[in-house]
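Colleague: I would like to learn how to read a folded chain. Could you take me through one, feature by feature?

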Amino acid sequence: MRYMMSYDLMETARNMNQWLGASALSMASYPAFSAIPNPALSWMAAWGEVTERTFHRMTVKPDWGIDSFTCDDGKDHLVEVIPVVERDFGDLLHFCVAGREEQPRKVLIVAPMSGHYATLLRSTVKSLLVNCEVYITDWHNARDIPVSAGKFDIEDYTLYLVDFMRELGPETHVVAVCQPAPLTLAATAYLAEQDPSAQPSSLTLIGGPVDPDATPTEVTDFGRRVTMGQLEETMIQRVGFKYKGVGRKVYPGLLQLSSFMSMNMDRHAQAFTDQIQRASRGEASDHDAHNRFYDEYLAVMDMTAEFYLSTVERVFKSREIARNEFVVDGHKVDIGAITDVAVKSVEGANDDISAPGQCIAALDLCTGLPDSKKASHVEPGAGHYGIFAGRSWRDNIRPLVIDFMDANSRKPKAAPKPKAVAKPKATKAKLTAVKG
């Protein structure tokens, strides 16, 4: 019960801060006060506006916001987000551009399950939508999944990826962003052993902790210091009565958000102070740079407890994938079984979450893959976010990834032509019968 009480207490604190912001905004905006200009009232209204928006967006799943797309014909075409596979813990979505010919590249983006929604990759999707058929994994918020749906750990996650790859076929190019990089590598190796014909054409791993010990960071140091007992005691809570997943053990998104914020607290504090000043001067807007970023960054989701704990224990502590000792559903996966899927690693020189060296370790694990099918890139000056959604991605990394896909594409196998059925020859008896 105490796990559930602490979950509800966090939700209450969030709700209270949202209410305080709304109250301050309402009070400072009282019409009679406009007769007495006072900078303090303007500042109070600005603080309330920013505070209310900040704490409200923490519980709202952002919309994809990709309603239309301008194609080569100069016309805007509607974009429909269509579920291709629907599961309890996550769906496979397709961004279908109406009225456009099917694009030559089929790309599966594997979104991270690390506290944020898949919409964090919105700009990545938009950039690939230009000349690709884009699919993405859309993981669900654990607080909304009933306990009856069962568990979901890193093995289940890997099997979901296996099924998604099977669904899309061998001409697919897979791009795994951040956290899922090692599990996507394992899923590809699993297919190489169990169902080789379903392997993707290429695999691009962006800023993921394939070998966390290759270059230690604050994240990996934390995983080393803390024990599993301490993690379960301090980080795991039960979903409260307000949600469908009541009673499910989760790692709350609000706790994950506080961890993210604490890593760059000075920068975030300054960003919100500056935004309050802009709002008090009337310079803020719904779609300014601050709100565009934080509307997505602050929208967090809960992870199942078993997924979070198994990630820390098996990926970071035991380094099962880095040691090629990962087991999925009783089967020991051999990453060396990957022999004809081109693999590329992408890292940011200034990445403080998955530092350079952690992702490129995947290439050493692919012992059965020829060097001609291996590639790597380290983007100078890029941080973690920039290598998949910033200017570095748009200007430098995306063109390299597209070229890598084109160089390693598999053409879909043509359906076999039906055999021509020979017409039976008319016998003499039949001909006589017809004439008669």
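Modeller: Start with angles. Axes are lines fitted to C-alpha atoms, and angles run from 0 to 180 degrees between N-to-C directions. This model is predicted. Now take an example. Helix α5 lies across β4, β6 and β7 (202-206). The helix runs at about 160 degrees to β7.

Colleague: Those strands belong to a sheet. What is the order of the nine strands in the open sheet?

Modeller: Read the order as β1-β2-β3-β5-β4-β6-β7-β13-β14. The pairing is mixed.

Colleague: Which strands stand at the edges, each with a single partner strand?

Modeller: They are β1 (68-70) and β14 (374-379). Each has a single partner strand, so one side of each is left without a neighbour in the sheet. Look at the twist as well. From one strand to the next, the twist averages 25 degrees.

Colleague: Now a single pair. How many bridges join strand β2 to strand β3?

Modeller: Two strands count as a pair if there are at least two bridges between them. Here, β2 (residues 76-86) and β3 (residues 90-97) are joined by seven bridges. These two strands run antiparallel. To find the pair on screen, look for Ile82, which stands opposite His94 in β3.

Colleague: Which strands does helix α4 touch as it packs on the sheet?

Modeller: Helix α4 (residues 154-168) touches β2, β3, β4 (105-110), β5 (132-139) and β6 (172-177). The direction of α4 makes about 155 degrees with that of β5.

Colleague: There is another sheet, I think. In what order do the three strands of that open sheet come?

Modeller: The order is β8-β9-β10, and the pairing is antiparallel. Apply the edge idea again. β8 (237-238) and β10 (303-304) stand at the edges, each with a single partner strand, so one side of each is left without a neighbour in the sheet.

Colleague: How many bridges join β9 to β10?

Modeller: Two bridges join β9 (residues 249-251) to β10. Val250 stands opposite Thr304 in β10. A helix packs on this sheet too: α8 (residues 253-263) touches β8, β9 and β10. The direction of α8 makes about 20 degrees with that of β9.

Colleague: What volume does the largest cavity have?

Modeller: About 110 Å³. This cavity is lined by 13 residues, and the closest to its centre are Tyr7, Glu11, Arg143, Leu254 and Asp302. Helices α1 (2-28) and α8 each supply at least two residues of the lining. α1 gives the most, with three residues. By class, the lining of the largest cavity has eight nonpolar, two polar and three charged residues.

Colleague: And which residues line the second largest cavity?

Modeller: Ile154, Gln179, Pro182, Leu183, Pro209, Thr311, Val315 and Phe316. Check the classes: six nonpolar, two polar and no charged residues.

Colleague: What does the lining of the second largest pocket have by class?

Modeller: Six nonpolar, four polar and seven charged residues. The volume of this second largest pocket is about 430 Å³. Of its 17 lining residues, the closest to its centre are Arg122, Arg292, Phe293, Asp295 and Glu296. α3 (122-129) and α10 each supply at least two residues. The largest share, six residues, comes from α10.

Definitions and conventions. Residues numbered from 1 in each chain as written. Predicted model: local features only at pLDDT ≥ 70, side-chain atom pairs only at ≥ 80, totals over all residues. Heavy atoms only, no water. Helix = DSSP H or I, 4+ residues; strand = E, 2+ residues; numbered from the N terminus. Contact = heavy atoms within 4.5 Å. 1 Å grid on protein atoms, 1.4 Å probe; cavity = no way out; pocket = protein on both sides within 12 Å on 5 of 7 lines; lining within 4 Å. Points joined across faces, edges and corners; volume = space filled by probe spheres on them. Nonpolar A, V, L, I, M, F, W, Y, C, P; charged D, E, K, R; others polar.
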